[in-house]
Amino acid sequence: MKLSALGDIVHASIVVQFIRKHIANAHISWFCDARFEQIARLLAGVDEVVALPLKDKKFLKTFGILRQKQGQFDIIIDLQGLLKSALVSRSLGKNIFGFDRFSTKEGLASIFYTHKYSCNYDKNIILRNLELCSFALNFSFDEKEILAKEPCFLKNSRIPSDETRIPNKNSRIPNRKILIAPFASESSKCYAHFASVIKGAKEFAQCFLVAGNKPERKKATKLASSGATLLAPLDLAQILEFMDTCDLIIGNDSGITHLAWAQNCATITLFGNRSGARNAFATPKNLIIQATPKHEINAFHIDKSDFCINDIDPAQIIAKAKVICDA
């Protein structure tokens, strides 16, 4: 399986459980960009992770890794559906399953597949991935099985921070914990009113902020002045551990928020110019708030100039958060 972005890995992580359920003795190798090797190695049920330095454009090294793996697989499934992932698939063998040219963003990728699956590109991404795997491996599934899934990632790291402890019940500080993931890969996916959400939510919960690179941490430091605690820099394994201590994760359409869903944590995910129905799988404790976009959403061509996500009323988020925290 070949995936690159964190969101892609998280959205596809559930397929491992279904493969294990129907083919218990399968040997599963997971191919990913080297940047995401750490999170891929935390995938429960994966036997081997193969990291490729594609983003660093180390093509000779990548070719050498793929050549060593050539011919080792009975079935190759390309869940990403990009030309790059299709070329990786083709270099590994010939029995390749992928989406047909009408079902994926880069239709040219389909010419490299031996077996092609037709699926509406607007369909929920979790269902798309599971349908392709069920087509390739000849099993069936029910959506109720998704609701009963186990956490998709392993946890094996401690959080080096005393500030994350829940206070004593006699304290006046709320003993509920909300993790807010305010950043995303694109500015049009980022909600601008988290300060108001924090101010409202801190009445019934402690709010924590997660941030990655220096620009994010600079913005998060300012945002923390609204009444939240900015967590020390954590790697993905540590973030998984911290999520497990939280009552709720609120965030944009980003890898961190989807990671919380994969771990069976309660979530509220905010969507604007992208479809929440396509990019997140709603459950009773995994809520989606969708803004009204300027134009009809086209999954093939996202309008990145549409910042309608900021039209979401903070009071709506706060009210849903309180319901989840009080449950």
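In this predicted model, 6 strands form an open sheet whose order is 9-8-7-10-11-12, and the pairing within that sheet is parallel. The edges are taken by strand 9 (229-230) and strand 12 (286-290), each of which pairs on one side only. Across the protein, the secondary structure comes to 13 helices and 12 strands, and another open sheet is formed by 3 strands in the order 4-5-6.

- Helix 11 (residues 255-262) lies across strand 7 (177-181), strand 10, strand 11 and strand 12, and its direction is at about 145 degrees to that of strand 11.
- Helix 13 (residues 314-326) also packs on the sheet, where it touches strand 7, strand 10, strand 11 and strand 12, and its direction makes about 160 degrees with that of strand 11.

**Helix 8 against helix 13**

- Helix 13, which packs on the sheet, has a helical neighbour in helix 8 (residues 194-201), and the axes of these two helices come within 9 Å and cross at roughly 40 degrees.
- The crossing of helix 8 and helix 13 is right-handed.
- On the helix 8 side the contact involves Ser196, Val197, Gly200 and Ala201, which meet Pro314, Ile317 and Ile318 in helix 13; the residues of this contact divide into 5 nonpolar, 2 polar and no charged.

- Strand 4 pairs with strand 5 (residues 96-99) in the parallel sense over 2 bridges, and the bridge partner of Ile76 in strand 5 is Ile96.
- Helix 6 packs on this sheet and touches strand 4, strand 5 and strand 6, with a direction that makes about 145 degrees with that of strand 5.

**Helix 2 against helix 6**

- Helix 6 (residues 125-137) packs with helix 2 (residues 14-22) at an angle of about 30 degrees, and the axes of the two helices are 10 Å apart.
- Since angles under 35 degrees count as roughly parallel, helix 2 and helix 6 are taken to be roughly parallel to each other, and helix 2 passes helix 6 in a right-handed crossing.

**Overall dimensions**

- The C-alpha atoms of the protein fill a box of roughly 60 × 45 × 40 Å when the box is taken along the principal axes.
- For 327 residues, a compact globule would have a radius of gyration near 20 Å, and the 20 Å of the protein agrees with that expectation.

Notes
Residues are numbered from 1 along each chain as its sequence is written. This is a predicted model: local features need pLDDT of at least 70, side-chain atom pairs count only at pLDDT 80 or more; totals for chains, interfaces and linings use all residues. Side-chain values use heavy atoms; hydrogens and water are left out. Two strands pair if DSSP finds at least two bridges between them. Helices (H or I, at least four residues) and strands (E, at least two) are DSSP runs, numbered from the N terminus. Contact means heavy atoms within 4.5 Å. Axes are lines fitted to C-alpha atoms, for helices over the stretch in contact, and angles run from 0 to 180 degrees between N-to-C directions. Angles under 35 degrees count as roughly parallel, over 145 as roughly antiparallel, 65 to 115 as roughly perpendicular and the rest as oblique. A crossing is left-handed if the near helix is turned anticlockwise from the far one by less than a right angle, and right-handed if clockwise. The radius of gyration is taken over C-alpha atoms; the globule rule is 2.2 Å times the number of residues to the power 0.38. Ala, Val, Leu, Ile, Met, Phe, Trp, Tyr, Cys and Pro count as nonpolar, Asp, Glu, Lys and Arg as charged, and the others, Gly among them, as polar.
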